[in-house]
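Here are some friendly notes to keep beside you as you look at this structure for the first time. Take the points in order, and turn the model as you read.

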Amino acid sequence: MSQSHPRISKAVIPAAGLGTRFLPATKATPKEMLPVVDKPAIQYVVEEAVAAGLDDVLMVTGRNKRPLEDHFDRNYELESALEKKGDGERLAKVQESSDLATMHYVRQGDPKGLGHAVLCAAPHVGDEPFAVLLGDDLIDPRDPLLQRMIEVQQEHGGSVVALMEVAPEQIHLYGSAAVEATADGDVVRLSGLVEKPSREEAPSHYAIIGRYVLDPAVFDVLSKTEPGRGGEIQLTDALQQLAADATLGGPVHGVIFQGRRYDTGDRGDYLRAIVRLACEREDLGPDFRTWLQRFVTEEMQQR
């Protein structure tokens with residue numbers, strides 16, 4: 001029998017990373033502000049949270065991240081200039097980001113890892129479940145992963161993580177989960193988690209991707225979690241404790257995701273995400289696909 005659990009209304013987006021894989025572009029520009037077609041990556045993430053009904057968004061930032069706050073704030077000078085020009089289309093696009101959600105910000109200070117970034121959200125979140133969305137992972141809006149995770153949390157309580165099956169040689173790039181089947185085909189119960197294991201140490205080929213719905217009990221566990229892999233406080237380590245002892249804050253479940261995901265934290269996947277999304281745009285797709293097909297054909301002929 002399904003149980004009733006507190007409604008989830010808050011989303012936390014850790015955005016304090018340095019973006020070193022995209023240097024020198026990220027020397028003065030936050031990696032989250034890099035454009036994916038014509039919107040910064042971070043806007044896609046906020047839009048995903050809002051689409052799932054989470055209109056209270058806390059962004060955990062760090063130094064040199066002020067452009068994130070500016071993007072989701074009003075720009076009266078630009079809006080006035082566009083209004084005077086009668087450019088209603090671009091005016092609507094500019095205003096869209098500032099009207100998306102109620103935005104809040106907190107600085108992480110010391111870069112002590114994802115677990116520490118989530119812990120910084122404790123005063124804002126309080127004693128209620130919440131979602132965590134990592135800015136490097138873009139989930140296609142046609143694949144409502146976060147909504148499904150919230151449904152699972154509302155039914156079972158505890159915490160829920162997003163899982164995706166990856167090739168064995170890639171599992172060392174992710175957290176990995178030991179899973180047990182449930183009555184729902186896309187839902188598993190987690191019995192163990194390991195952060196970035198070797199191929200031989202991985203409990204499965206199911207990788208943890210950047211979406212979580214967490215019980216507030218995670219804050220108490222994180223406050224006592226020692227630095228782990230990379231000398232950082234790992235969220236995976238805290239979830240391992242919750243999975244091992246459900247009395248700490250309920251069980252930990254996973255939703256197996258088989259939809260469209262774009263990893264904008266990797267340069268190659270970032271470029272592929274732009275190409276895929278541009279091809280699907282009604283305003284850009286037809287001409288861009290024609291050019292792309294011609295370009296690929298010419299490249300193949302030259303090889």
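1. Let us begin with secondary structure: the chain has 11 helices and 13 strands. Please keep in mind that this is a predicted model.

2. Next, the overall form. For 303 residues, a compact globule would have a radius of gyration near 19 Å, and the chain has 20 Å, which agrees. Along the principal axes, the C-alpha atoms fill a box of roughly 60 × 50 × 40 Å.

3. How much of the chain is buried? Buried residues make up 47% of the 303 residues. The chain exposes about 15,700 Å², and 49% of that comes from carbon and sulfur atoms. Among contacts with a separation of 6 or more, 76% are between residues 24 or more positions apart.

4. Helix α1 deserves a look of its own. This helix covers residues 41-51 and is mostly covered, with 9 of its 11 residues buried. The buried residues include Ala 41, Tyr 44 and the pair Glu 47 and Glu 48. Just after α1, Gly 53 takes a positive phi of about 90°.

5. Now to the largest pocket, which has a volume of about 1,400 Å³. Its lining counts 43 residues, and Arg 21, Lys 31, Leu 134, Asp 136 and Lys 196 are the closest to its centre. Strand β11 (206-214) gives the most to this lining, with 4 residues. Helices α5 (114-119) and α9 (235-244) and strand β13 (261-263) each supply at least two. By type, the lining divides into 15 nonpolar, 14 polar and 14 charged residues.

6. The second largest pocket has a volume of about 430 Å³. Of the 22 residues in its lining, Tyr 44, Ile 139, Asp 140, Pro 141 and Arg 142 lie nearest its centre. Here helix α1 returns, with the largest share of the lining at 5 residues. At least two residues each come from β7 (137-139), α7 (145-156) and α10 (267-280). This lining divides into 12 nonpolar, 1 polar and 9 charged residues.

7. Finally, what about enclosed space? The count comes to 1 cavity of 30 Å³ or more, and the largest cavity has a volume of about 80 Å³. Its lining includes Lys 31 and Asp 136, which are also among the residues closest to the centre of the largest pocket. Ala 41, one of the buried residues of α1, lines the cavity too. The cavity lining divides into 4 nonpolar, 3 polar and 3 charged residues.

Technical notes: Residues numbered from 1 in each chain as written. Predicted model: local features only at pLDDT ≥ 70, side-chain atom pairs only at ≥ 80, totals over all residues. Heavy atoms only, no water. 1 Å grid on protein atoms, 1.4 Å probe; cavity = no way out; pocket = protein on both sides within 12 Å on 5 of 7 lines; lining within 4 Å. Points joined across faces, edges and corners; volume = space filled by probe spheres on them. Nonpolar A, V, L, I, M, F, W, Y, C, P; charged D, E, K, R; others polar. Rg over C-alpha atoms; globule rule 2.2 N^0.38 Å. Buried < 20%, exposed > 50% of the residue type's maximum accessible area, 1.4 Å probe, protein only. Contact = heavy atoms within 4.5 Å. Areas by Shrake-Rupley, 256 points an atom, 1.4 Å probe, with all protein chains shown as cover.
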